[in-house]
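Me: Here is a model I would like to question term by term. Please set each value against its cut-off.

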Amino acid sequence: MAFDRVSAGRKGRRASRVCRQAILIVSYFSASGQSRIAARGSGPAAGCAAGAVGFFGIVCYNSREVSTVYDELTEVDIRKMQEEIDYRVNILRPKLLEDVKVARSFGDLSENFEYKAAKREKNRNDSRVRYLERMISTARVISAGSAPDVVGLFDKLVIYDEEEQDERTIQIVTTLRQNALEGLISKESPVGRAVMGRRAGDRVRVEVSEDYSYYIVIRSVEKGKDDASMDISRF
């Protein structure tokens, strides 16, 4: 499925259909993409000369200040993250620690594959817990509600890509639940930013970069809600 793209030339665009899909996945998390978003925005992040991006936001550096742009997440996002933390800390971590202990008893650690594998799984679990805790601590909680006649979070849209001359069905979601392959598009992605607050029938410009943009038409809007049916991303 193709929803977004990065190359400007016609030949280049045809050759980069996979990139069109990928940019929706990385548009929020890439250092260059996020820096452009912050620089074009308003508030404390505007005018950032450079930035360091983590999954929980961007830290912008300039000569005067250091500021952080937070993820905007819903209460359901927060609850889902806390539930996963509780499972990983209270159930999975003790099991992984026991696996490491058992594997260590097998002997020489330098050639002990079981020990290395068990330690890797333990570290991976700990890393995921730290990531989720950072997401919660830096999140800005937002409401999923929107006016009945405009595009908002969790709404399903049928869009028409004028350049590709095809139609797609997408759903606008928070960054934490995006999955471009399934049509779940972050509100922070180029397409998400273009359609949020617009109406059925609108022709909107999708800004991929400073050098490239294209147009889509919103054919229809089906209002949605945050019913907790979508899993959070497994980064």
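**Terms put to the test**

Me: Why is Ala 228 called partly exposed?

Reply: Its relative accessible area is 23%. Buried means under 20%, exposed over 50%, partly exposed in between (1.4 Å probe, protein chains only). So Ala 228 falls in between. Ala 228 sits in the segment after β10 (213-222), and has a positive phi of about 70° without being a glycine. This is a predicted model, where local features need pLDDT of at least 70, side-chain atom pairs count only at pLDDT 80 or more, and totals for chains, interfaces and linings use all residues. Residues are numbered from 1 along each chain as its sequence is written, and side-chain values use heavy atoms, without hydrogens and water.

Me: What makes Gln 165 exposed?

Reply: A relative accessible area of 62% puts Gln 165 in the exposed class. Gln 165 lies in the loop between β6 (156-161) and β7. Its phi is positive too, about 55°, and it is not a glycine. Most residues other than glycine have a negative phi.

Me: How do you know that α4 bends, and where?

Reply: The bend is about 45° at Leu 92. That is the angle between axes fitted to the seven residues ending there and the seven starting there. Pro 94 follows within four residues. Helix α4 (residues 75-104) still reaches 41 Å from first C-alpha to last, close to the 44 Å expected. The expected span is 1.5 Å times one less than the number of residues. Leu 92 is one of the buried residues of α4.

Technical notes. Helices (H or I, at least four residues) and strands (E, at least two) are DSSP runs, numbered from the N terminus.
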